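Q: Please take me through this model by asking what each label rests on.

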Amino acid sequence: MTASLSFAHVTPPGGPECTVAYQRKGSGPPIVLLHGIGHHLQAWEPVCDILAASHEVIALDLPGFGASPALPPGMAYDLGSVSSLLAVTFTALGLDRPHIAGNSLGGLLALELGRVKRVRSVTALSPGGFWTQAERRYAFGVLRGMRAGAKLLPRPAVGLLARSAAGRASLTSTIYAHPGRRSAAAVVAETEALRAAAGFAPSLAAGRAVLFTDDVPDIPVTVAWGDRDRLLLRRQGVRAKYAIPGARLVRLPGCGHVPMNDDPALVARVVLDTAR
């Protein structure tokens with residue numbers, strides 16, 4: 001996404017001022033894009049130009065990730081608090097019930113924003129919250145391992161590994177089915193984002209209590225799952241369909257946990273079909 005980075009300074013109800021980084025491009029009905037835990041808005045770069053051909057695209061860095069600073073002391077990273085902050089951010093950006101697409105943590109937040117009627121449609125790619133406790137512990141353990149690796153690897157070593165397809169696989173194969181397709185620069189940047197993410201630990205801590213069992217009625221909802229997702233297993237998509245009976249459940253062939261890079265055209269088509 002080549003648009004310049006901007007910052008919204010917003011104050012949620014009863015809370016201190018917070019800052020949210022974002023990029024926007026294109027024109028038309030707005031679509032907001034939310035990334036997953038430990039990532040940043042650049043996760044959506046492979047599909048942004050496709051979406052921006054017919055929509056205004058606004059990609060956000062979640063609080064404590066990417067260029068968005070950590071939440072102020074005393075402010076929680078729980079689902080209700082962060083989704084309320086995002087709703088206030090929409091207002092600050094002049095967005096009246098935009099369409100929304102989110103991946104992983106971003107997909108969970110997108111569903112919550114749909115549940116409280118702050119968006120027009122929801123596309124959730126491998127959203128969190130539909131796990132068993134064993135599955136959650138497994139996923140959180142993998143994430144902690146990825147974070148520890150990102151923090152321990154010297155920066156020059158990350159740059160060296162990112163130069164080859166095998167090195168990029170060693171860094172990112174947990175989240176991509178085709179890590180070799182990710183550029184070296186993108187892999188270095190997202191490894192640094194994971195290393196520096198102030199919101200990582202508090203978001204994981206808040207996630208221990210999350211189990212999404214509510215319906216999201218009266219708006220179009222698509223839940224899409226990569227059939228090569230190694231982090232949140234695709235059977236969780238079936239649980240999402242039971243929780244949200246009106247949702248469309250879509251399989252993403254050949255895609256991993258972060259499918260936007262594995263098959264940008266397919267992901268864009270799923271988002272656009274939902275928005276229509």
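Q: How do you know that the length of helix 7 fits its residue count?
A: The expected span is 1.5 Å times one less than the number of residues. For the 13 residues of helix 7 that gives 18 Å, and the end C-alpha atoms are 18 Å apart, so the two agree. Helices here are DSSP runs (H or I, at least four residues), numbered from the N terminus.

Q: What should I know about the source?
A: This is a predicted model: local features need pLDDT of at least 70, side-chain atom pairs count only at pLDDT 80 or more, and totals for chains, interfaces and linings use all residues. Residues are numbered from 1 along each chain as its sequence is written, and side-chain values use heavy atoms, without hydrogens and water.

Q: Why is helix 6 called roughly parallel to helix 7?
A: Angles under 35 degrees count as roughly parallel. The axes, lines fitted to C-alpha atoms over the stretch in contact with angles from 0 to 180 degrees between N-to-C directions, cross at roughly 25 degrees and come within 11 Å. Therefore helix 6 is roughly parallel to helix 7.

Q: What makes the contact between these helices?
A: Contact means heavy atoms within 4.5 Å. Helix 6 brings Arg168, Leu171 and Thr172; helix 7 brings Ala184, Val187, Glu190 and Thr191.

Q: Why does serine 68 count as buried?
A: Buried means under 20% relative accessible area (1.4 Å probe, protein chains only). Serine 68 has 4%, so the label holds. Serine 68 sits in the loop between strand 4 and helix 2.

Technical notes: Helices (H or I, at least four residues) and strands (E, at least two) are DSSP runs, numbered from the N terminus. Angles under 35 degrees count as roughly parallel, over 145 as roughly antiparallel, 65 to 115 as roughly perpendicular and the rest as oblique. Buried means under 20% relative accessible area, exposed over 50%, partly exposed in between (1.4 Å probe, protein chains only).
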